[in-house]
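Please examine the sequence and the three-dimensional model together. The explanation below is intended to be read alongside both.

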Amino acid sequence: MKIKLREIKANKIKDKVKELFLRANYHIDQDLMLRLEEALREEASPIGKTVLKMIIENNKIASKEEVPICQDTGLAVVFVEVGQEVHLVGGDFTEAINQGVKEAYQEGYLRKSVVDDPVFERKNTKTNTPAIIYTDVVPGDKIKFTVMPKGFGSENMSALAILKPSDGPEEIVNFIVETVRKAGPNPCPPTIVGVGIGGTADKAMVIAKKAIARKIGEHNKNEKYAAIEKEALEKTNSLGIGPAGLGGKTTALAVNINYLPTHIAGIPVAINVCCHAARHAEGIL
Ligand code: SF4
């Protein structure tokens, strides 16, 4: 059987990535805005309320005036689902994505935060590239992009534990809550806590990062994992860290778990924290 491939020009990828990074840096999703407003109604701490009001106001101004939500416009993370019936023409896939990032950050006056050599020279690449790109090949003839400008105040609070199979949900909840407690004000709370359970150490961190992009209010479809999310969120919010770390009960807005099958000998648990400037955008070609 002959399969007809759908041609997609590299230039279209570049334009889509550019559009999505500009959108993500200026506009916070409605689900997050609604959750912030709900948190404002429920927050008991006066200083916590003030911080939440400022965050909401900041997000509204950024969206109205199309200016960045935060000065840290992030490392450019791109999740791509490429349909196996797509034929890319007119250029290189990775280059097209990086060119889209470069144009978005240059034309949108977004801060360029990437250094070429992480230890010695630390010279700014001045383009905010290379992007961090994760590609999955899926059925179909479309390409889906999820872009995430990832701030490093929160990225720096990532943590990984390889738990024993006998540790179970209790130790997972403890690890999540302890990670948030140690992070304190550093990840710019209230945060979204992405948790990846299973796979390998590296894969667990990737699915933890992907969990950050889940719509607020959606829970893991497996009710046992949804129960871990709920318990971890409640315990996290009883730490008292609060908005901006100034006290209150809104330390996290969500705990989102993704999980995968893993080896009989362990349970990798990765945590990827995202600040209140939880920026992401999706688009399909
Ligand atoms: S962690 Fe988030 S809110 Fe804090 S400075 Fe970085 S991008 Fe901005």
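This is a predicted model: local features need pLDDT of at least 70, side-chain atom pairs count only at pLDDT 80 or more; totals for chains, interfaces and linings use all residues.

The paragraphs that follow treat helix packing, the nonpolar cores, and then a number of individual residues and peptide bonds.

Two packed helices are described by the angle between their axes and the distance between the axes. For helix α1, residues 10-26, and helix α4, residues 93-107, the angle is about 40° and the axes are 7 Å apart. This angle makes α1 oblique to α4, and the crossing of α1 past α4 is right-handed. On the α1 side, the contact is formed by Ala 10, Ile 13, Lys 14, Val 17, Lys 18, Phe 21, Leu 22 and Asn 25. Their partners in α4 include Phe 93, Ala 96, Ile 97, Val 101, Ala 104 and Tyr 105. Sorted by class, the residues of the contact of α1 with α4 comprise 11 nonpolar, three polar and four charged.

A second pairing joins helix α2, residues 30-42, to helix α3, residues 46-65. Here the axes come within 9 Å and cross at roughly 155°. Because angles over 145 degrees count as roughly antiparallel, α2 is described as roughly antiparallel to α3. The crossing of α2 past α3 is left-handed. From α2, the contact draws on Met 33, Leu 36, Glu 37, Ala 39, Leu 40 and Arg 41, while α3 provides Lys 49, Leu 52, Lys 53, Ile 55, Ile 56, Asn 59 and Lys 60. The contact of α2 with α3 contains seven nonpolar, one polar and five charged residues. Glu 42 also lies in α2; this residue counts as partly exposed, at 44% relative accessibility. Its C-alpha atom is separated by 22 Å from that of Ala 227, which is 185 residues away along the chain.

α6 passes α8 in a crossing that is right-handed. Pro 169, Ile 172, Val 173, Ile 176, Val 177 and Val 180 of α6 meet Ile 228, Glu 231, Ala 232, Lys 235 and Thr 236 of α8. Eight nonpolar, one polar and two charged residues make up the contact of α6 with α8.

Attention now turns to the interior. In soluble globular proteins, nonpolar side chains tend to be buried together. The largest nonpolar core in this model has 27 residues, and the members that touch the most others are Ile 13, Phe 21, Val 78, Val 80, Ile 97, Ile 143 and Phe 145. At least two residues of this core come from each of α1, β2 (75-83), α4 and β5 (143-150). The largest share, eight residues, is supplied by α1. Ile 13, Phe 21 and Ile 97 also take part in the contact between α1 and α4 described above. Beyond its neighbours within four places in sequence, Val 78 contacts Phe 21, Ile 97, Ala 131, Ile 132, Ile 133, Tyr 134, Phe 145, Thr 146 and Val 147. A second, separate core of 26 residues includes Leu 32, Ile 55, Met 148 and Ile 212.

Thr 191 is located in strand β7, residues 191-199, and counts as buried at 2% relative accessibility. Thr 251, in the loop between α8 and β8 (252-262), is likewise buried, with a relative accessible area of 1%. Apart from neighbours within four places in sequence, the contacts of Thr 191 include Thr 251, Leu 253, Val 273 and Cys 275. With the same exclusion, the contacts of Thr 251 include Thr 191, Pro 189 and Pro 190, together with Val 180 and Thr 236. Val 180 and Thr 236 also belong to the contact of α6 with α8.

The peptide bond from Pro 189 to Pro 190 is cis, with omega near 10°, and Pro 190 lies in the loop between α6 and β7. Another cis peptide bond runs from Thr 129 to Pro 130, with omega near 5°. Pro 130 is in the loop between α4 and β4 (132-138). That loop also holds Asn 128 and Tyr 109. Phi is positive at Asn 128, near 60°, and at Tyr 109, near 55°. Asn 128 counts as buried at 0% relative accessibility, whereas Tyr 109 is exposed, with a relative accessible area of 74%.

Technical notes: Residues are numbered from 1 along each chain as its sequence is written. Side-chain values use heavy atoms; hydrogens and water are left out. Axes are lines fitted to C-alpha atoms, for helices over the stretch in contact, and angles run from 0 to 180 degrees between N-to-C directions. Helices (H or I, at least four residues) and strands (E, at least two) are DSSP runs, numbered from the N terminus. Angles under 35 degrees count as roughly parallel, over 145 as roughly antiparallel, 65 to 115 as roughly perpendicular and the rest as oblique. A crossing is left-handed if the near helix is turned anticlockwise from the far one by less than a right angle, and right-handed if clockwise. Contact means heavy atoms within 4.5 Å. Ala, Val, Leu, Ile, Met, Phe, Trp, Tyr, Cys and Pro count as nonpolar, Asp, Glu, Lys and Arg as charged, and the others, Gly among them, as polar. A nonpolar core is a set of buried Ala, Val, Leu, Ile, Met, Phe, Trp, Tyr and Cys residues joined through side-chain atoms within 4.5 Å. Buried means under 20% relative accessible area, exposed over 50%, partly exposed in between (1.4 Å probe, protein chains only).
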